[in-house]
Amino acid sequence: MSTELSAGNVVGFQALFDNPLFAGGIGLGALGAAAAFARKGALVALGTARRRLLVNVEISKQDPAYPWILAWLSKPRETPGFIASRLTRIHDMSVTTLTTSRGPAGVGGPTNAHFFLQPGYGRHIVKHGNAYIAVNREKHNTANMNTGEPHEIVQMTTLWAHRHVFEEVFAEAHRLAARANEGKTTVYSVRGMDWAPLGDPRTKRPLASVILDEGVKESIVADVKDFMSRQQWYIDRGIPYRRGYLLFGPPGSGKSSFIQALAGELDFSVAMVNLSEMGMTDDKLAYLLTKLPKRSILLLEDADAAFVNRRQRDSDGYSGATVTFSGLLNALDGLAAGEERIAFLTTNHIDRLDSALIRPGRVDMTVRIGEATRHQAALMWDRFYGDIDQDHSGRERFLARLNDLGLFGVGANGEPSNRHTSTAAIQGLFLFNKNDMEGAIEMAEGLIPRKFEPMEKNPEGAIKTPA
Ligand SMILES: Nc1ncnc2c1ncn2[C@@H]1O[C@H](COP(=O)(O)OP(=O)(O)OP(=O)(O)O)[C@@H](O)[C@H]1O
Ligand SMILES: [Mg+2]
């Protein structure tokens, strides 16, 4: 039965093939399949050839070299030759605008704007030396979870024979970026789970513009420079190459300004964390310290925040979303702490800190940056009015006035006074009286700190508003 059937089938097939329409269909199908096969083969061959003949470099937006490469791509270049110049014309650009308020004189004048054209998204061709480089800038539809910014890459392709051109390109891009940042200090702050430059790199603040009490600045600078020259010494002794400084004192005494100026002096950047900032946790701090930007001073502002926090945790068992004392200690010398590091801590409330913090390895040098002294007031005067007060008579009158007001810690009758002023206040007075030293002397009374009555606190620590 079954053999009969199969024989019948064979006969049936034969009949089908005898049908010209069917045979033609099969023929076409076979041709199509062969074409598809050939196409696939060609693609594979092309892919293999591409891989063999071309070199690809991909740079993602997260990489520090990304902005350098974009800047390098937008650098004006002369491409001789009709075809080469047509080929390398960039037709799609994107613009980055920098505005500065240093516009023409006149209040409310328009701000200055600089436009930087960069190759936009898409494909471009650039020529470097003899090599053509195909550039593809792409925005992906995935985004960085921390910042919400879409992922972006630049892909550069050149011939295998020209692969060495990339080294040159990266070196040149880096040189360009370094030149653009010469004389600038970059300040990094925390964005999401990462360090990001806080605005554009700012002009270096000269160390001489920060006026601390006699010898204070010199001793810190000497210590830091000595530390920087002793890396091998630390390595030989197996000690982590780290040093910590704690600057404490009242607000407006120049702590942050000094650290910024010091970074400029050392040609370092500043990586700043505000410990009192909401959302800064122990884990986050530890993680950030493992990826501190190279050649940067770690600046931990408001170090006392960690201690206030500990107290809160002691009393109600909840630490909130901020850094704790142990988190700070770990950051300074725990496992998360980098092998190489210069850290500066600042605080207005030294009394809130714990002695565990101030031990060598965590904080090696503690310096008080205090209220303005006579020495500082005199130097600040010279910086502002030195050119119009050649005989220093104005300076002497100003200092005498401050002394009479009891602002140097001694009252008019020679008794100790509790009155002090800050260098920030003196700077404010001088800024208000630009080129007008008489005005500054007249208004010196304004340096007396205004007293704000402290609000009464009830035993729970809540602030009671006066009835
Ligand atoms: N010793 C100083 N020399 C020069 N400028 C100073 C000095 N102290 C303060 N200033 C000026 O006052 C302003 C505030 O200074 P800065 O932010 O450095 O103070 P700070 O000590 O960090 O204060 P805070 O404790 O509130 O953070 C800045 O504009 C700075 O230029
Ligand atoms: Mg400060």
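The crossing of α12 and α14 is right-handed; a crossing counts as right-handed if the near helix is turned clockwise from the far one by less than a right angle, and left-handed if anticlockwise. The model is a predicted one, in which local features need pLDDT of at least 70, side-chain atom pairs count only at pLDDT 80 or more, and totals for chains, interfaces and linings use all residues. Residues are numbered from 1 along each chain as its sequence is written, while chains are lettered from A and ligands numbered from 1 in the order in which they are written.

Helix α12 spans residues 374-385. Its axis and that of α14 come within 11 Å and cross at roughly 30 degrees. Axes are lines fitted to C-alpha atoms, for helices over the stretch in contact, with angles from 0 to 180 degrees between N-to-C directions. α12 is therefore roughly parallel to α14 (under 35 degrees; over 145 is roughly antiparallel, 65 to 115 roughly perpendicular, the rest oblique). Gln 376, Ala 377, Met 380 and Phe 384 in α12 meet Thr 423, Ile 426, Gln 427 and Phe 430 in α14. Contact requires C-beta atoms, placed from the backbone, within 7 Å. Five of the contact residues are nonpolar, three polar and none charged.

Together with α8 (255-266), each supplies at least two residues of the shell around ligand 1. Helices are DSSP runs (H or I, at least four residues), numbered from the N terminus. Of the 14 residues around ligand 1, Pro 251, Gly 254, Ser 256, Ser 257 and Ala 424 come nearest. A residue is near if its C-beta atom, placed from the backbone, lies within 6 Å. The shell has five nonpolar, eight polar and one charged residues. Domain 2 (197-368) and domain 3 (374-447) both contribute, so ligand 1 lies between them.

Two further helix pairs follow. Helix α9 (residues 282-290) packs on helix α11 (residues 325-333) at about 10 degrees, with axes 9 Å apart. α9 is thus roughly parallel to α11. Asp 282, Leu 285, Ala 286 and Leu 289 in α9 meet Gly 327, Asn 330 and Ala 331 in α11.

The axes of helix α3 (residues 65-73) and helix α5 (residues 165-180) come within 8 Å and cross at roughly 95 degrees. That makes the pair α3 and α5 roughly perpendicular. Their contact residues comprise ten nonpolar, one polar and one charged.

Notes:
Ala, Val, Leu, Ile, Met, Phe, Trp, Tyr, Cys and Pro count as nonpolar, Asp, Glu, Lys and Arg as charged, and the others, Gly among them, as polar. Domain bounds come from an automatic or database domain assignment. Two residues are in contact if their C-beta atoms, placed from the backbone, lie within 7 Å.
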